[in-house]
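Have both open and follow along, section by section.

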Amino acid sequence: MIVQRVVLNSRPGKNGNPVAENFCMEEVNLPDNITEGQVQVRTLYLSVDPYMRCRMNEDTGTDYITPWQLSQVVDGGGIGIIEESKHKNMTKGDFVTSFYWPWQTKAILDGNVLEKVDPKLVDGHLSYFLGAIGMPGLTSLIGVQEKGHITAGSNQTMVVSGAAGACGSLAGQIGHLLGCSRVVGICGTDEKCLFLTSELGFDAAINYKKGNVTEQLRDLCPAGVDVYFDNVGGDITDAVISQMNPNSHIILCGQISQYNKDVPYPPPLAPAVEAIRKEKNITRERFMVLNYKDRFEPGILQLSQWFKEGKLKIKETMINGLENMGAAFQSMMTGGNTGKQIVCVSEEFTL
């Protein structure tokens, strides 16, 4: 059987901006038969995420993420349907997901690397398992719970950078749900600002490309900032830290502004900003959601419940076609998405 796949065509270099041409399509033959323990899957949806930028380098800089290899199939979060199974716990028609799903139309996989998902948790929106009811949702929820130190009724203000992205759009809503009295988002367009305030319930939003971010934060956060969900790093983070209260908390989710630079993760703060952080006793600890696997199942159930109750609004930017994976990745890295960036490979759910 001939299938299409996406391979890594070239590396952007440690300090380069990724482009769609770093990836290319090719056709390969799948074996006709699967062996014991394997399943054949058809890919429905694939995810592109900021962390993948480091997988484009020869060295990812971390011990828990492996680099993609040149001329080899790319992988990441994916969801699909089983077409044939020789795995004892999986049957034809099951919907399954994995963090290491190959970017190809169909694949033969070891059933042990897959996890079954229940479409009822997402009211049939299977792609949500790659976003709000999946790893980005868990990252936002557990990050806020573990590192935000929110106390309901204590009048806390939360600021979210990258607020219209996959994690940021959820983190602000979760901040409200857990008891923050004021949530302010920072993003890159007026349209995204309007989306945050009119649809997601943010109290205010700042377009960092317009005006002085520090001054706007001062106006919009008159009581200072108690919790900062940081997705971007760089100048925006410096501005937020300047407005943070003593004994406040930074949730270190991502640093997308730094991913095309050869710097360690998390990037060190500028000396003057680090001095403010120390003087005010602001916590800024590395957060890795993979350290909280025991919280994944209850976390998914909580996110699903909020979604079904209408308390958690979910936004996706969907691009169709495996051939557009590179374009989707390039767009996501430059803020082209609102909510989770998803590529639809096949919408055909029937077998």
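## The enclosed space

The lining of the largest cavity is made up of six nonpolar, three polar and four charged residues. Of its 13 lining residues, Gly131, Ala132, Ile314, Lys315 and Lys340 are the closest to its centre. The count of cavities of 30 Å³ or more comes to one.

A cavity here is a set of points, on a 1 Å grid over the protein atoms alone, where a 1.4 Å probe fits but cannot get out, and lining residues have an atom within 4 Å of a point. Grid points are joined across faces, edges and corners, and the volume is the space filled by probe spheres set on the points.

## About the model

Please keep in mind that this is a predicted model, in which local features need pLDDT of at least 70 and side-chain atom pairs count only at pLDDT 80 or more, while totals for chains, interfaces and linings use all residues. Residues are numbered from 1 along each chain as its sequence is written, and side-chain values use heavy atoms, with hydrogens and water left out.

## Overall build

The protein chain has nine helices and 15 strands; these are DSSP runs numbered from the N terminus, with helices being H or I of at least four residues and strands E of at least two. Along the principal axes, its C-alpha atoms fill a box of roughly 65 × 45 × 35 Å.

Of the 351 residues, 53% count as buried. Buried means under 20% relative accessible area, exposed over 50%, and partly exposed in between, with a 1.4 Å probe and protein chains only. Among contacts (heavy atoms within 4.5 Å) between residues at least 6 apart in sequence, 68% join residues at least 24 apart.

Which residues have the most contacts inside the largest nonpolar core? They are Ile133, Met158 and Phe229, in a core of 50 residues. A nonpolar core is a set of buried Ala, Val, Leu, Ile, Met, Phe, Trp, Tyr and Cys residues joined through side-chain atoms within 4.5 Å. Leaving out residues up to four places away in sequence, Ile133 touches Val122, Tyr128, Ile300, Leu303, Ser304, Phe307 and Ile314. A second, separate core has 27 residues, including Val39, Leu46, Val48 and Met90.

## Buried loop residues

Leu269 sits in the loop between strand 12 (244–252) and helix 7 (271–279). Its relative accessible area is 13%, so Leu269 is buried. Beyond neighbours within four places in sequence, Leu269 contacts Thr237, Asp238, Ile241, Glu274, Arg277 and Arg284.

Thr338 belongs to the loop between helix 9 (325–333) and strand 15 (340–344), and counts as buried because its relative accessibility is 17%. Residues up to four places away aside, Thr338 touches Ala164, Lys192, Phe195, Lys315, Glu316 and Thr317.

## Positive phi at two asparagines

Most residues other than glycine have a negative phi. Asn155, however, has a positive phi near 60°. Asn155 lies in the loop between helix 2 (135–147) and strand 8 (157–161), and its relative accessibility of 56% makes it exposed.

Asn281 has a positive phi near 55°. You will find Asn281 in the loop between helix 7 and strand 13 (283–286), partly exposed at 49% relative accessible area.

## Two partly exposed residues

Ser331 is part of helix 9 and is partly exposed, at 23% relative accessibility. Not counting residues up to four places away in sequence, Ser331 touches Gly336, Asn337 and Gln341.

Asn89 is in the loop between strand 4 (75–85) and strand 5 (95–102), and is partly exposed with a relative accessible area of 45%. Its C-alpha atom is 9.1 Å from that of Asn112, 23 residues apart along the chain. Neighbours within four places aside, Asn89 is in contact with Asp94 and Lys116.

Notes
On a 1 Å grid over the protein atoms alone, a cavity is a set of points where a 1.4 Å probe fits but cannot get out, and a pocket is an open set with protein on both sides within 12 Å along at least five of seven lines; lining residues have an atom within 4 Å of a point. Ala, Val, Leu, Ile, Met, Phe, Trp, Tyr, Cys and Pro count as nonpolar, Asp, Glu, Lys and Arg as charged, and the others, Gly among them, as polar.
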